[in-house]
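Reader: I would like a close look at one part of this structure. Please keep it brisk.

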Amino acid sequence: MARTTGSDGERTEAAIREAALKLIARRGYEAMSMRQLGDEVGVQAAALYRYFPNKEELLFTLLREHMEGLIASWDVARPAVRDPFGSLSAFVRNHIGFHVARRHSTHVSNLELRSLSPAKLTAILRMRNTYEKELRQILRDGAETGAFAIDDVGLTAMAIIQMITGVIVWFRPDERLSVEEVAETYHAMTMRLVGAAAPAEAPQIERRANTQS
């Protein structure tokens, strides 16, 4: 990898974060060494400590930035009108689009919470709860208005999060479905999960997907 210009601190730090995400996603946090990271970026391992005081602080930064980005993306995608159907659709589509575009970051965020110290873990879990609270509120609104048939809002929210985050495990952009088609199909499945009618266009996408298989 080409050596990063030392005078450009922001560029170097960004390169460190990007390289760390790839290495951790591929090898795991415990297996990645700062020496390996330095080689990947093109700097001496000692230079990394100018940006991150230790390896755990680097991991914490990666996980925090992932959650900050996810929360910010939902702030933009959230519909102005508080409607359970539109809000759930927007949440599912935004969540899938965000995570597919950040495969390495999502992988690290899902698997490496265990590597954080208790205080840092608590900080990330609080951010996750802030984000997932948005989905629980959408489901609660739908249940209260009769739009959704839900027995347990918290359990249903966890099931939806697991389902729509799991897209990154199997999705590849060069396969038969686009991100938009996947998001549409998962939206239809989510609507069925909450006891609501599936959107009219979903069966068309499902039929098209079947004809391509």
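At what angle do the axes of helix H1 and helix H2 cross, and within what distance do they come?

Author: A word on the source first: this is a predicted model. Two packed helices are described by the angle between their axes and the distance between the axes. Helix H1 covers residues 9-27 and helix H2 covers residues 34-41. Their axes come within 9 Å and cross at roughly 125 degrees. Angles over 145 degrees count as roughly antiparallel and 65 to 115 as roughly perpendicular, so H1 is oblique to H2. The crossing of H1 past H2 is right-handed.

Now the residues that make the contact. H1 brings Ala15, Ile16, Ala19, Ala20, Leu23 and Arg27. H2 brings Gln36, Leu37, Glu40 and Val41. Sorted by class, the contact of H1 with H2 has seven nonpolar residues, one polar and two charged.

In soluble globular proteins, nonpolar side chains tend to be buried together.

Then there is the connection. Met32 sits in the loop between H1 and H2. Met32 has a relative accessible area of 2%, so it is buried. Not counting residues up to four places away in sequence, Met32 touches Ala20, Leu23 and Ile24, along with Leu37, Lys55 and Leu58. Met32 and Lys55 are 23 residues apart along the chain, and their C-alpha atoms are separated by 9.4 Å.

Finally, the setting. The protein chain has eleven helices and zero strands. Of its 213 residues, 45% are buried. Among contacts with a separation of 6 or more, 67% join residues 24 or more positions apart.

To recap: H1 and H2 cross at roughly 125 degrees. Buried Met32 lies in the loop between the two helices.

How values were computed: Residues numbered from 1 in each chain as written. Predicted model: local features only at pLDDT ≥ 70, side-chain atom pairs only at ≥ 80, totals over all residues. Heavy atoms only, no water. Axes fitted to C-alpha atoms, helices over the stretch in contact; angles between N-to-C directions. Helix = DSSP H or I, 4+ residues; strand = E, 2+ residues; numbered from the N terminus. Parallel < 35°, antiparallel > 145°, perpendicular 65-115°, else oblique. Left-handed = near helix turned anticlockwise from the far one by under 90°. Contact = heavy atoms within 4.5 Å. Nonpolar A, V, L, I, M, F, W, Y, C, P; charged D, E, K, R; others polar. Buried < 20%, exposed > 50% of the residue type's maximum accessible area, 1.4 Å probe, protein only.
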